[in-house]
Amino acid sequence: MFKFATFLILAARFSKAAVGERMKNELLDTVRLSNQSIRIMVSMLREAAIDPAPVFRRAGVDLSVADAPQADVSGTDELRFQQAFVGATRDIPGLWMRTGLRYRIMSYGPLGLAVLAAANVAEGLRVLDGFQALTFSLMRYQFEYEDGLPVALVAYDDDAPAELREFLHERSLGSVTTFLNDMCQPAFPLVRIESALSRPRDWQQCERLLGVPVMFGAEMTRWVFAPNAGAAPLPMASPLLEETYQSLCSRLIGAAGAGDAFLGRLYQVMVRSGRGFPSARAAAALLSMSERTLHRRLADRGMGFSAVLAKVRNQRATELLEKSTLSVEQIADMLGFAETASFSRAFKRWTGFSPLNYRRGRAVASSP
């Protein structure tokens, strides 16, 4: 669905300010996205017995993009590949919806981790809204609220090319619903899906696949939530986080020295924490050892628990500052700081920059 929403939202904002097509194209070039969306589309092509190579050629994207699990691509590459994919699969009924079902929450990288780290559905959806610039869809998503709680998610296609709109709406049936269900397993509390697509009732057995009533021919595409859905807690002990956990852990372990099983286990415990981080006593208990043993083993490596905590916090803070539009206040809260000022002081100690200056510097560095 989105990486759960819209990497074109940046371009859309400039379009509404009458900046022009050239600026929109430049913005798409500066957005970096995971290659997971292209990898998903490639897998669907192969399952449909379609050779992906000509699709890559039509898109002007290098075939090697699909080979590396952790590679990234520009927003322009993603857009061009979607257009070529649509041309190659237009005559296969239901394939676009089935493609959407492959977009699991951790396909969105840091977005999936940030959403699942939220305390409840309402907060997770607010985090999602802050990450829209990192998503794979050209549609614009907006939440409807009543009494401060989310009651529906609406998809707008006004910023998408006309030739992609049917694909985007059909794929979103699978991708958005899968994203929501991955947030709140075993199933997100949905009442129904209203789709702007013109389709017969229970087209492609979609109600069975999606697990919720689908009404076609609606004025707009909406996912309607059950009452009080926003209050539902989000489970952190989810296997969907494993890929992101392992990526973060390998980076941390690489900095600390390869092949250290104890540090690897400790970093996994720290990275898998949700809001805030465990204390030394809690981390030791999770590692089935005493707190004293934990401190001794760290001392043998010339390290202290506070240094480990700072390293993990620094890693997560820089990812969120670089790859989301969450406010500094929201990031400080997610990292377990009681005050934003405390987070700002700690981040400046780690990096030499304030969080805002770091984010601005990264934005300038990534611009053409």
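Contact here means that heavy atoms lie within 4.5 Å of each other, and in that sense His-169 touches Met-139, Asp-157, Ala-196, Leu-197 and Thr-221, when residues up to four places away in sequence are not counted. The structure described here is a predicted model, with 18 helices and seven strands in the protein. Of its 368 residues, 52% are buried, while the protein exposes about 16,300 Å², of which carbon and sulfur atoms supply 51%.

**His-169 and Thr-221**

- His-169 is part of helix α9, which covers residues 165-183, and with a relative accessibility of 7% this histidine counts as buried.
- Thr-221 belongs to strand β7, and this threonine is likewise buried, its relative accessible area being 1%.
- The side chains of His-169 and Thr-221 make a polar contact with each other at 2.9 Å, and a polar atom of the Thr-221 side chain also lies 3.0 Å from the backbone nitrogen of Ala-196.
- When neighbours within four places in sequence are left aside, the residues in contact with Thr-221 are Leu-153, Val-154, Ala-155, His-169, Glu-194, Ser-195 and Ala-196.

**Aromatic pairs and a cluster**

- A pair of aromatic rings is described by the distance between the centres together with the angle between the planes.
- Twelve aromatic pairs are found when the whole structure is searched.
- In the pair formed by Trp-203 and Phe-216, the ring centres are 6.1 Å apart and the planes stand at 90°, so the arrangement is edge-to-face.
- Trp-203 lies in the loop between β5 (190-194) and α10 (206-210), whereas Phe-216 lies in the loop between β6 (214-215) and β7 (221-225), so this pair ties together parts that are 13 residues apart in sequence.
- Both Trp-203 and Phe-216 are buried.
- Phe-347 and Tyr-358 also form an edge-to-face pair, with 5.3 Å from centre to centre and 80° between the planes.
- Phe-347 is in helix α17 (residues 340-351) and Tyr-358 is in helix α18 (residues 355-366), so the pair ties together parts that are eleven residues apart in sequence.
- Phe-347 is buried, with a relative accessible area of 0%, and Tyr-358 counts as buried at 15% relative accessibility, because the term applies under 20%.
- Phe-347 and Tyr-358 are also members of a cluster linked by ring pairs, together with Phe-337, Phe-343 and Trp-350.

**Charges over rings**

- The ring of Trp-203 has the charged end of Arg-199 sitting over it, at 4.9 Å from the ring centre.
- Phe-337, a member of the cluster of linked rings, has Arg-313 lying over its face, 4.0 Å from the ring centre.

**Cysteines**

- How many disulfides does the structure hold? The number is zero.
- Cys-184 is a buried residue with a relative accessible area of 10%, and Cys-206 is buried as well, with a relative accessible area of 0%.

**Positive phi angles**

- Most residues other than glycine have a negative phi.
- Gln-204 has a positive phi of about 55° although it is not a glycine; this glutamine lies in the loop between β5 and α10, and with a relative accessible area of 32% Gln-204 is partly exposed.
- Ser-288 is not a glycine either, yet has a positive phi of about 60°; this serine lies in the loop between α13 (280-286) and α14 (291-300), where Ser-288 counts as exposed at 70% relative accessibility.

**Val-61 in its loop**

- Val-61 is located in the loop between α4 (52-59) and β2 (72-74), and this valine counts as buried, at 7% relative accessibility.
- Residues up to four places away in sequence aside, Val-61 touches Phe-56 and Asp-77.
- The C-alpha atoms of Val-61 and Phe-81 are 7.2 Å apart in space, although the two residues are separated by 20 residues in sequence.

How values were computed
Residues numbered from 1 in each chain as written. Heavy atoms only, no water. Phe/Tyr/Trp six-rings, centres within 6.5 Å; stacked < 30°, edge-to-face > 60°. Helix = DSSP H or I, 4+ residues; strand = E, 2+ residues; numbered from the N terminus. Buried < 20%, exposed > 50% of the residue type's maximum accessible area, 1.4 Å probe, protein only. Lys NZ or Arg CZ within 6 Å of the ring centre and 35° of its normal. Disulfide = S-S within 2.5 Å. Polar contact = N/O pair within 3.5 Å; in protein donor to acceptor, adjacent residues only side chain to side chain. Areas by Shrake-Rupley, 256 points an atom, 1.4 Å probe, with all protein chains shown as cover.
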